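I opened a new page for this protein. These are my notes on what I looked up, step by step.

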Amino acid sequence: RRETRETSSDQSGKSEYEDVFSLFSLLCCRMSSTSALFQLSMWIRHVHDYLTENLGIPVWGSYAIFVLATFFSGLALGLVSEAFGRD
């Protein structure tokens, strides 16, 4: 048997279940971002496999491509954030 118990009078009718559901919504954002990072890592892995297996680029060459891509994307993001930053 489940009972909903009111927590306190200052929350004006908010039950314990609503508190738990708000906790799940916070965890949902974390899980979504973790899932997005995992999907990004899988995409990078597929690109690395394509570069090394299909195009015949050596592993160190694939790593160099990713280093350059990381450097230039960071440079671009830094320039954009500086352009729209506050003085």
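Before counting, I wrote down what counts: helices are DSSP runs of H or I with at least four residues, and strands are runs of E with at least two. On that basis I found 2 helices and 0 strands in the protein. I reminded myself that this is a predicted model.

**Entry: overall surface**

I looked up how much of the chain is buried. Buried residues make up 7% of the 87 residues. The protein exposes about 7,900 Å². Carbon and sulfur atoms supply 64% of that area.

**Entry: the annotated spans**

I checked the UniProt record next. Its unreviewed entry gives the annotation "transmembrane region" to residues 20–40 and 60–80. I then took residues 60–80 in the model. This span is 100% helix and 0% strand. Its end C-alpha atoms lie 30 Å apart.

I moved on to F72, which lies in helix α2, residues 59–83. Is F72 buried or exposed, or in between? I read a relative accessible area of 49%. Exposed needs over 50% and buried means under 20%, so F72 is partly exposed.

Then I searched for aromatic pairs. Two rings pair if their centres lie within 6.5 Å. I got a count of 1 aromatic pair. The rings are those of F71 and F72, with centres 5.3 Å apart and planes at 70 degrees. Planes over 60 degrees apart count as edge-to-face, so that is the label for this pair.

F71 and F72 turned up again when I looked for patches. Together with L68, L75 and L79, they form a nonpolar patch on the surface. I noted about 530 Å² of accessible area for these residues together.

**Entry: I65**

I stayed in helix α2, where I65 is found. Its relative accessibility is 38%, so I65 counts as partly exposed. Which residues does I65 touch, not counting those up to four places away in sequence? I found L51 and I57. I also checked the spacing of I65 and L51. They are 14 residues apart in sequence, and their C-alpha atoms are 9.6 Å apart in space.

**Entry: Y63**

My last stop was Y63, also placed in helix α2. Its relative accessible area is 52%. The cut-off for exposed is over 50%, so Y63 is exposed. How far apart are the C-alpha atoms of Y63 and H48? I noted 8.2 Å, for two residues that are 15 residues apart along the chain.

Conventions: Residues are numbered from 1 along each chain as its sequence is written. This is a predicted model: local features need pLDDT of at least 70, side-chain atom pairs count only at pLDDT 80 or more; totals for chains, interfaces and linings use all residues. Side-chain values use heavy atoms; hydrogens and water are left out. Rings of Phe, Tyr and Trp (its six-membered ring) pair if their centres lie within 6.5 Å; planes under 30 degrees apart count as stacked, over 60 as edge-to-face and the rest as tilted. Buried means under 20% relative accessible area, exposed over 50%, partly exposed in between (1.4 Å probe, protein chains only). Patches are made of residues with over 30% relative accessible area and no salt bridge: like charges are joined within 9 Å, nonpolar side chains (Val, Leu, Ile, Met, Phe, Trp, Tyr) within 5 Å. Accessible areas come from the Shrake-Rupley method with a 1.4 Å probe; for residues, only the protein chains shown count as cover. A salt bridge is a side-chain nitrogen of Lys or Arg within 4 Å of a carboxyl oxygen of Asp or Glu. UniProt positions are given in the numbering used here, feature names are shortened, and annotations may be inferred rather than shown by experiment. Contact means heavy atoms within 4.5 Å.
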